[in-house]
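Subject: Structure for your review

Dear colleague,

Please find below the structure I am handing over to you. My notes on it follow.

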Amino acid sequence: MSPKGHKRLRPQEFQCLVGRCSDVALARIIKECARVLERGDPLPHPARTKIADDLREEVQDLLAKVPMQLNDGGDTAWSFLEPNRLLAHVVESCPPLAQAYGRATNEHMPTRQKPWDLMICYDEFVPGDKLKSYAARKCMVLAYNFKQLGEEVLCKDHSWMIPIVQRSTSIHDILGGWSHMLAKYLHIQLLGAQGLATAGVMLLINGAPLLVYANVQSILPDYDGVRIGWDWKGASGLRPCLRCANVFKKHTDLAARLDNCEEITCTDKALLMERTNTEFEEDVDLVTEAGVAYMAGEMTLERFTDIQRSTGQNFNPLGFVADKTLRVHVPPLDVLNQDWVHGILSDGIMGQEMCCFIEADLGVSMADYETFMKSDLRFPKHYYTKGARLWRVFDEHRNKPDNEEPTKIKGDASELMGLYALMRHFVELRFKDQPHELDVERASFNACCDVVDVILQMKNCLFGS
Ligand SMILES: [Zn+2]
């Protein structure tokens, strides 16, 4: 019986105390607590500082300390978790994960000749209140995993190893920036004494040793990540696309003067020429050589700046793309995997397409869309909360009537993911008796919806890649 004055906690209240976990895990925690009390042992110390101290002690042996130079000429030691030691430690201390590695090994033994595929992703996060974020707390987080573990394991957050969490403000102080840090990191993970590409990483699976070899299959950054990782000038530069060899900035008049060149506004894919990894590396080398010549006083600043602009690359001899040893293992353009969420959904082509259509369709307003979103729509359980609030995208608070700005869809990526299908339905209903009205605009909008359809099907493995 519960002590007097203490009411019995309901499962939800337990969840509040221990954080969200499954009922099975919760039962295990309660059982473990009871066992500890029965033995007369003290319960684990609940203070945050104690928990942090325990964690620090546990990871002490896993830390790598890499000397880095600072922009102001000083030195610093960059510490992060040595990725391969981290992997061995986590797999050894987590039996279910070890089993997942064991299963993947049965399907595909990771040998030097047939290595596993390593996937690395990184992005910046701001911890704390999402409505009141402090830029000074922003952190760069890098995580990695292996493709061979399979979809089901990759979908689980805790199967991703996170060796780096670094304050963004400190990255700016380091000579060569994030791109340099990425190069250092890749050297350790792939080419170190226990590198995935050299000696292999020793894991213990249920007591049996397993040597894992892996190659970088993809690096997955967002747009800003590509800029800082690949030392690219970005989409506002003269070369707005990293992947196209013949695409130039709008209104620069360059495309008109050069053979087989296009401006960024070109919509015919047949006219676009893919830039090969070798071409990209040659451009990087050109910029590096120009930088060296400029610093030796053999080239003017104007010419040096022109070379950087025309290749779309910033001079960074310490950067990951300029590292000739790494290139053999990590061809920079081949491993680049840009994320579609930023390119297509919010602030991407889908958002733009929606705005253009709403502007072209004079018969309806944002308020009509708001009413439709508030109508009797039913959503799948996992999307229910988001779906029921989709009307907010069109509501007055987000779209202040007095602003002079053109129509803009102000929604985040997951809102747009639900919105595009509903908007397509709205448009189909609205024009079902007028097949010839706005047919060009509708075709364009529908084509964009098809793009998202195909990507989602690929994501859910319903479509051959
Ligand atoms: Zn392109």
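**Helix α9 and its surroundings**

Helix α9 spans residues 223-230, and among them G225, V226, I228, G229 and W230 are buried. Here a buried residue has 20 or more other C-beta atoms within 10 Å of its own, an exposed one has 12 or fewer, and a partly exposed one lies in between, with C-beta atoms placed from the backbone. The partners of these buried residues are β3, α8 (177-191) and α14 (332-335). Contact between two residues requires that their C-beta atoms, placed from the backbone, lie within 7 Å.

**Basis of the description**

This is a predicted model: local features need pLDDT of at least 70 and side-chain atom pairs count only at pLDDT 80 or more, whereas totals for chains, interfaces and linings use all residues. Residues are numbered from 1 along each chain as its sequence is written. Helices (H or I, at least four residues) and strands (E, at least two) are DSSP runs, numbered from the N terminus.

**Overall**

The protein contains 20 helices and ten strands. Of its 465 residues, 23% count as buried. Its C-alpha atoms fill a box of roughly 80 × 70 × 45 Å along the principal axes.

**The sheet**

An open sheet of mixed pairing is formed by four strands, in the order β5-β4-β3-β8; two strands pair if DSSP finds at least two bridges between them. From one strand to the next, the twist averages 20°. Strand β3 (residues 116-125) is parallel to β8, with six bridges between them, and L118 stands opposite V216 in β8. Helix α4 (residues 83-93) packs on the sheet, where it touches β4 (139-146) and β5, and its direction makes about 130° with that of β5. Axes are lines fitted to C-alpha atoms, for helices over the stretch in contact, and angles run from 0 to 180 degrees between N-to-C directions.

**Helices α16 and α20**

The axes of α16 (residues 349-360) and α20 (residues 439-459) come within 10 Å and cross at roughly 155°. The two helices are therefore roughly antiparallel, a term for angles over 145 degrees. I349, M350, E353, F357 and A360 of α16 meet E441, S444, F445, C448 and V452 of α20.

Yours sincerely

Conventions: Angles under 35 degrees count as roughly parallel, over 145 as roughly antiparallel, 65 to 115 as roughly perpendicular and the rest as oblique.
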